[in-house]
Every structure is written in C-alpha cells, then in structure tokens.
Amino acid sequence: SLTHKSLRVYIPEERGLTEQVEEAQAIEQIALESGLTTIAREKIKDLETTGYWSHTNSNGCSFRCRVRSYLATNGGRYSWIGENLYKGTCDVDNAYRLWELSPAHNEVLKHGYDEQVLLTGKYGGSGCYYVLVKGVVK
C-alpha cells in the first residue's frame, strides 16, 4: 500500500543547493495553488487506500472522468491535461526514462504546459509511486 508523505519537485539542473531549495520552494507553492494538484492527489489517495494500479481509479472513474469532474466544478481552467504514473524504485530519473520509452507517456512529457505537478509516495517499504500531471491553461 502507498503512504503519501510529501509533494516533491524534481529539479534536474545542477546548481548550488541554496538555489535548488529556493526554486523547489517557489515551484512547490505554485503546485499547491494549482488545480492539477487536486487531480494528482485524487489519484494518490486512490493508490493509498486501494493499491489499484491504473489510470482508472478503483471506483471506475477514468483519468478523463476525474479531469471532467474537476473542470466541471472549478471553472474549466485548462485546455489540456495529461497524466503519467510510475511504480518502481524510488528514482525519479528512472521514472522519466521509462516514460520516455513509452510513446503515450513520452507524448505527455513532450507536450507543452503551463503547470505541472509531481507527487510521490512510498509503497511496499522500498518502492515509490510518481504521479505527474501537466496542464495547459486556457
């Protein structure tokens, strides 16, 4: 089962630790204000409580269903939203490498975006889930 501990932001550039921490804090604040966080947290919550591994939640609501539900109640702010899921070793670089190898997941990675949120959680003691949600604001 998944235990969600925190919102994590991956910063690939190699800079000084101070700059990385400041950027992570700024990105995290944007992420916390983003509607994408709501969508990603819903997925994390389903993984935490059921362990059901799919873009469709355990209640049968697909990613498209979750997005439509969010947009209907929150003003339809986004014109495009994409989601990538990962389950494996706690290595965000590995998650991105695997997403790049999958045409559908790579399409989400390469799609332009205004906002993105990466949530992570632990499962099985030594593994991690990553839920990446990206969006284009209208």
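Which side chains meet in a salt bridge at 3.9 Å, N to O? They are those of Asp 46 and Lys 43. Keep in mind as you read that this is a predicted model.

## Salt bridges

Let us stay with that pair for a moment. Asp 46 and Lys 43 both belong to helix α2, three residues apart, which puts about one helical turn between them. Both Asp 46 and Lys 43 are buried. Here is the general idea behind such pairs: side chains of opposite charge can pair when their charged atoms come close.

The structure holds four salt bridges, and the table shows some of them.

| Salt bridge | Distance, N to O |
|---|---|
| Asp 46 and Lys 43 | 3.9 Å |
| Arg 77 and Glu 115 | 2.1 Å |
| Asp 91 and Arg 97 | 3.7 Å |

The salt bridge of Arg 77 and Glu 115 links distant parts of the chain: Arg 77 sits in the loop between α3 and β2, while Glu 115 is in strand β3, 38 residues apart from it.

In the bridge between Asp 91 and Arg 97, Asp 91 is partly exposed with a relative accessible area of 28%, and Arg 97 is partly exposed with 44%.

## Asn 57 and its neighbours

Now look for Asn 57, in the loop between α2 (35-50) and α3 (63-73). Asn 57 has a relative accessible area of 4%; that is under the 20% cut-off, so this residue is buried. What does Asn 57 touch, leaving aside residues up to four places away in sequence? The residues in contact with Asn 57 are Glu 42, Lys 43, Asp 46, Tyr 52 and Arg 66. With Glu 42, the side chain of Asn 57 makes a polar contact of 3.5 Å.

## Helix α4

Next comes helix α4, which covers residues 92-101. Asp 91 caps the N-terminal end of this helix, with a side-chain oxygen 3.0 Å from the backbone nitrogen of Asp 93.

Which residues of α4 are buried? Val 92, Ala 95, Tyr 96 and Trp 99 are. Looking down the axis of α4, you would find these buried residues within an arc of 95°, so they line one face of the helix.

## Strand β4 and its partners

Strand β4 spans residues 127-137, and nine of its 11 residues are buried, so this strand is largely enclosed by the rest of the structure. Strand β2 (residues 78-89) pairs with β4 in the antiparallel sense, over 11 bridges. One place to look is Trp 80, whose bridge partner in β4 is Val 136.

Strand β3 (residues 115-123) also runs antiparallel to β4, and nine bridges join the two. Here Lys 122 stands opposite Cys 128 of β4. Three residues lie between the strands in the hairpin of β3 and β4, where Gly 124 takes a positive phi near 60°.

## Aromatic pairs

How many aromatic pairs are there? The count comes to three. In one of them, the ring centres of Trp 53 and Tyr 129 are 5.4 Å apart and the planes stand at 35°, so the pair is tilted. This pair links distant parts of the chain, with Trp 53 in the loop between α2 and α3 and Tyr 129 in strand β4, 76 residues apart. Trp 53 is partly exposed, with a relative accessible area of 36%, whereas Tyr 129 is buried at 4%.

Another pair brings us back to helix α4. The rings of Tyr 96 and Trp 99 have centres 5.1 Å apart and planes at 70°, so they form an edge-to-face pair. Tyr 96 and Trp 99 are three residues apart in α4, about one turn of the helix. Tyr 96 is buried with a relative accessible area of 18%, and Trp 99 is buried with 3%.

Methods: Residues are numbered from 1 along each chain as its sequence is written. This is a predicted model: local features need pLDDT of at least 70, side-chain atom pairs count only at pLDDT 80 or more; totals for chains, interfaces and linings use all residues. Side-chain values use heavy atoms; hydrogens and water are left out. Buried means under 20% relative accessible area, exposed over 50%, partly exposed in between (1.4 Å probe, protein chains only). Helices (H or I, at least four residues) and strands (E, at least two) are DSSP runs, numbered from the N terminus. Two strands pair if DSSP finds at least two bridges between them. The arc is that of the directions from the helix axis to the C-beta atoms. A polar contact is a pair of N or O atoms within 3.5 Å; within protein, one must be able to donate a hydrogen and the other to accept it, and residues adjacent in sequence count only if both atoms are side-chain atoms. Contact means heavy atoms within 4.5 Å. Rings of Phe, Tyr and Trp (its six-membered ring) pair if their centres lie within 6.5 Å; planes under 30 degrees apart count as stacked, over 60 as edge-to-face and the rest as tilted.
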